[in-house]
Structure formats: C-alpha cells, structure tokens
Amino acid sequence: VTAKALDTDGEWEVMAQFAGDGGYMDSDSNTEKYTTQHVIATTFLKLDPISSVDPDGMITLTGKLEGSTSDNEFPNGVGIPDKPITFSGTGVSEDLMGKDVKTGEDGSFSVTAKALDTDGEWEVMAQFAGDDENNATDSNIENYTIAEPKATTYLTLDPISGVDAEG
C-alpha cells in the first residue's frame, strides 16, 4: 500500500490491521517506524548587472530570490516573497547597509542607495541568510566603477597676425 505520509516533522509508527471475517481471525502486524522532516528549499539569488552610477552618486541594485525543493514542492524558478536581502563587498556604502530590503511577491528586489565616493572598481554581492524553509545563499558578484570626472578642456588658437618669412 502506498499512502501520503504525515506532513508534520517527527517520528511516527504504523501498523496494519485485519478485522477478521468468518473464515479468518483478526490480526495486527508488527509496528514499523518512519520519520518525516520538512524539506528545506534550495535557493538561488541573482544580482543583476549594476548600471553606471547616476549623476547624484546613486546606484540601483536589482535581483531575484528563487527556490526549488528536491520533492518538487514548487518548481525551479519560483520567486520567494517577503525575504530579507543584505549586501556585502567592497562597494557597499553605509547608506546601502542601512536599507531594509525585502523580496516582493515574485521574489524580486530593488534598492537605490548612495554609491561609494572613492575612485575605483567596487564589488557588491547580495545575500539571503536562510530560514526554516529556505537555505541560505549568496548571489553572483557584480561591479560598479567610480571615476573622478575629468574637466572638459578647450584649446583655442588665436589668429596669426602675420608671418615673418625671414625667421
């Protein structure tokens, strides 16, 4: 006989019983135990490429938290809603660290924060710490660049008033 196991974590006992009939006596089988444990979803966190720093020195980070379970409780690519996302890396500013970022209904997130103000190429990684139903995961690393703006220069040549052929 195949049947659905209990969906509550724990150790359970099962026994088969025969009520008997006119030709056979009633009978109980031996007791067997089985354990159920909630399957924790495998999670995947994607951080989209970071577009350039805007004129106000802000960056926007977007991405998505997705999951699946080995028993196909939900298929690959399903967004996981309402989960906190944090950021780490050389390019994480205090402003970004102070943001309360959570995934939306489809598992996506978006946050705009102040970029670092020091020249260089900076790395950012998104992170999900995990919970009772989902494994922790880190995203891919994305970069952004801060370069000191160069002043526009103009070179003007004054008109030549005369040419001295003699030297």
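Which residues does N134 touch, not counting residues up to four places away in sequence? In this predicted model, N134 touches I40, A41, T43, I80, K83 and F128, and its place is in the loop between β11 and β12. With a relative accessibility of 5%, N134 counts as buried, because buried means under 20%. The points below take up the sheet, the core, the loops and the salt bridges in turn.

**The sheet**

- An open sheet is formed by 4 strands in the order β9-β8-β11-β12, and the pairing is antiparallel; its edge strands, β9 (101-102) and β12 (137-146), each pair on one side only.
- In general, strands of a sheet pair through backbone hydrogen bonds, and this can happen in either a parallel or an antiparallel way.
- Strand β8 (residues 84-88) pairs with strand β11 (residues 120-128) in the antiparallel sense over 3 bridges, and F87 stands opposite A126 in β11.

**The nonpolar core**

- The largest nonpolar core has 22 residues, and those with the most contacts inside it are L61, I85, F87, F109, V124 and Y144.
- Two or more residues of this core come from each of β5 (42-47), β6 (58-68), β8, β10 (108-114), β11 and β12, and β11 gives the most, with 4 residues.
- Leaving aside residues up to four places away in sequence, Y144 touches a set of residues including I50, V53, I59, W122 and V124.

- Most residues other than glycine have a negative phi.
- D82, although it is not a glycine, has a positive phi of about 55 degrees, and D82 is found in the loop between β7 (78-79) and β8.

**Salt bridges**

- The structure holds 5 salt bridges, and one of them joins K33 with E11, the closest N and O atoms being 3.8 Å apart.
- Because K33 lies in strand β4 (residues 32-36) and E11 in strand β1 (residues 10-14), this pair ties together parts that are 22 residues apart in sequence.
- K33 is exposed, with a relative accessible area of 53%, and E11 is exposed as well, with a relative accessible area of 54%.
- The side chains of D131 and K83 also meet in a salt bridge, at 2.7 Å from N to O, and this pair links distant parts of the chain, since D131 is in the loop between β11 and β12 and K83 in the loop between β7 and β8, 48 residues apart.
- D131 is partly exposed, with a relative accessible area of 29%, whereas K83 counts as buried at 16% relative accessibility.

Technical notes
Residues are numbered from 1 along each chain as its sequence is written. This is a predicted model: local features need pLDDT of at least 70, side-chain atom pairs count only at pLDDT 80 or more; totals for chains, interfaces and linings use all residues. Side-chain values use heavy atoms; hydrogens and water are left out. Two strands pair if DSSP finds at least two bridges between them. A nonpolar core is a set of buried Ala, Val, Leu, Ile, Met, Phe, Trp, Tyr and Cys residues joined through side-chain atoms within 4.5 Å. Buried means under 20% relative accessible area, exposed over 50%, partly exposed in between (1.4 Å probe, protein chains only). Contact means heavy atoms within 4.5 Å. A salt bridge is a side-chain nitrogen of Lys or Arg within 4 Å of a carboxyl oxygen of Asp or Glu.
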